[in-house]
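Subject: Structure handover

Hello,

Here is the structure I promised to pass on. My notes follow below it.

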Amino acid sequence: MAVLTCRDIELRYPEAESAGQGPVLQGMGLDVEQNEFVTILGPSGCGKTSLLRLIAGFEPPTSGSVVFDGKKVRGPGADRVVVFQQPWLY
């Protein structure tokens, strides 16, 4: 059973679409099993950070679902951790 499941994820930013750009993510799916190590690679602007923001619960997908440990991700939670590249103290 997958610990993380992303199904039919679509993410659209209205301001980008008004500038003629399409969705950031469209029809994206991902399953991560227990003890599996996954790396997300791609060129700048392809949606890597946007996907991680959805998984962390920092923003909701336009459509589709993100499920972690059997529960739909509806916001940030202590069960998921984000380590930022730049160490800033807030």
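How much accessible surface does the protein chain have, and what share of it belongs to carbon and sulfur atoms? The surface comes to about 6,700 Å². Carbon and sulfur atoms account for 55% of it.

Please keep in mind that this is a predicted model. The mean pLDDT of the protein chain is 90. Residues at 70 or more make up 97% of the chain. Among the elements, strand 3 (residues 63-68) has the highest mean pLDDT, 97. Helix 1 (residues 14-18) has the lowest, 76.

Overall layout

The chain has 2 helices and 4 strands. Along the sequence they follow the pattern β-α-β-α-β-β. The C-alpha trace spans about 40 × 35 × 25 Å along its principal axes. Of the 90 residues, 28% count as buried. Take the contacts between residues at least 6 apart in sequence: 54% of them join residues at least 24 apart.

The core

The largest nonpolar core has 14 residues. Leu4, Cys6, Ile9 and Val66 touch the most other members. Strand 1 (2-11), strand 2 (25-33), helix 2 (48-56) and strand 3 each supply at least two residues. Strand 1 gives the largest share, 5 residues. In soluble globular proteins, nonpolar side chains tend to be buried together.

Ile9 is worth a look. Setting aside neighbours within four places in sequence, Ile9 is in contact with Leu25, Gln26, Gly27 and Met28, among others. Its other partners include Leu54, Pro61, Ser63, Gly64, Ser65 and Val66.

Leu30 lies in strand 2. Leu30 and Ile9 are 21 residues apart in sequence, and their C-alpha atoms are 9.2 Å apart. With the same exclusion of neighbours within four places, Leu30 is in contact with Leu4, Thr5, Cys6 and Arg7.

Helix 2

Which residues of helix 2 are buried? They are Ser50, Leu51, Leu54, Ile55 and Ala56. These buried residues pack against strand 1, strand 2 and strand 3. Gly57 follows the helix, with a positive phi near 90 degrees.

Salt bridges

The structure holds 4 salt bridges. Here are some of them.

- Asp31 pairs with Arg7, and the closest N and O atoms are 2.8 Å apart. Asp31 lies in strand 2 and Arg7 in strand 1, so this pair ties together parts that are 24 residues apart in sequence. Asp31 is partly exposed, at 35% relative accessible area. Arg7 is partly exposed too, at 39%.
- Arg12 pairs with Glu10, with the closest N and O atoms 2.6 Å apart. Arg12 is partly exposed, at 29% relative accessible area. Glu10 is buried, at 16%.
- Glu59 and Arg53 meet through their side chains, 2.8 Å from N to O. Glu59 is buried, with a relative accessible area of 16%. Arg53 is partly exposed, at 35%.

Surface patch

Val38, Ile40 and Leu52 form a nonpolar patch on the surface. Together they have about 230 Å² of accessible area. Val38 sits in the loop between strand 2 and helix 2. Its relative accessible area is 37%, so Val38 counts as partly exposed.

Backbone points to check

Most residues other than glycine have a negative phi. Which phi value does Asn35 have? It is positive, about 65 degrees, although Asn35 is not a glycine. Asn35 is found in the loop between strand 2 and helix 2. Asn35 counts as exposed because its relative accessibility is 75%, and the cut-off is over 50%.

Asp69 also has a positive phi, near 55 degrees, and is a residue other than glycine. The place of Asp69 is the loop between strand 3 and strand 4 (71-72). At 52% relative accessibility, Asp69 counts as exposed.

One caution for helix 1, where the mean pLDDT is 76, the lowest among the elements. Where pLDDT is low, the predicted coordinates should not be read in detail.

Best wishes

Definitions and conventions
Residues numbered from 1 in each chain as written. Predicted model: local features only at pLDDT ≥ 70, side-chain atom pairs only at ≥ 80, totals over all residues. Heavy atoms only, no water. pLDDT = per-residue confidence, 0-100. Core = buried A, V, L, I, M, F, W, Y, C linked by side-chain atoms within 4.5 Å. Buried < 20%, exposed > 50% of the residue type's maximum accessible area, 1.4 Å probe, protein only. Contact = heavy atoms within 4.5 Å. Patch = residues over 30% accessible without salt bridge, like charges linked within 9 Å, V, L, I, M, F, W, Y side chains within 5 Å. Areas by Shrake-Rupley, 256 points an atom, 1.4 Å probe, with all protein chains shown as cover.
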